[in-house]
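Biologist: I'd like to learn how to read a model like this. Could we start with a single residue and then zoom out?

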Amino acid sequence: MSDEALSNAPPTVPPAVPVLDPAAIGAKLGATDYPEPFRAAVAGRLRKRLGNPLGITNFGVNLTRLEPGAASALRHWHTRQDEFVYVLEGELTLVTDAGETILRPGMCAGFPAGRPDGHQLVNRSDEPATYLEVGDRSAGDEAHYPDEDLRYDGVTDLFTHRDGSPW
């Protein structure tokens, strides 16, 4: 399942009280369904899915930690899904078509669906950085990767080359 599809994973049974200690949630280090050779880009990403255990179904919420040198994802944009990030600690570099912007704790960024401006977060500092990432779960989403011969089709849950041939 792709990074984008992971946010579409079925929810788990919510707890009786709608409270969750993120320390109690397992994390996935570098987990991705990117085809080779793209997997190495997220090797230092540690993601905890916070929304699913609480029964949240309309959007995903992840607590993500990037080790020094790690990226959040390949630079990408979505056709139907909005994304929002809020930096909690550390320093991250936001890379977009317009260039690079440093994000520090308390800063946020948003990526509206359908805007073909590839984005990613990269930790270029010497310390880990942590952020919240929120994205909706609109059906039929596609993700485009402007720097790579890569496309994600949310309907088929498959990565393809730009010409549609499978990886």
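Predicted model: local features only at pLDDT ≥ 70, side-chain atom pairs only at ≥ 80, totals over all residues.

Biologist: Where is the place of glycine 90 among the strands?

Modeller: Look at the loop that links strand E5 (83-89) to strand E6 (92-96); glycine 90 is in there.

Biologist: And which residues is glycine 90 in contact with, leaving aside its neighbours within four places in sequence?

Modeller: Contact here is heavy atoms within 4.5 Å. With those neighbours set aside, glycine 90 touches Leu103, Arg104 and Pro105, plus Pro128 and Ala129. Aspartate 141 makes another handy reference: it is 51 residues from glycine 90 in sequence, and their C-alpha atoms are 31 Å apart in space.

Biologist: Zooming out, how many helices and strands does the protein have?

Modeller: There is 1 helix, and there are 13 strands.

Biologist: What does the radius of gyration say about the protein?

Modeller: You compare it with what a compact globule of 167 residues would have, near 15 Å; the protein has 15 Å, so the two agree. The C-alpha box is roughly 45 × 35 × 25 Å along the principal axes, and 44% of the residues count as buried.

Biologist: What about contacts across the sequence?

Modeller: Take the contacts with a separation of 6 or more: 66% of them join residues 24 or more positions apart.

How values were computed: Residues numbered from 1 in each chain as written. Heavy atoms only, no water. Helix = DSSP H or I, 4+ residues; strand = E, 2+ residues; numbered from the N terminus. Rg over C-alpha atoms; globule rule 2.2 N^0.38 Å. Buried < 20%, exposed > 50% of the residue type's maximum accessible area, 1.4 Å probe, protein only.
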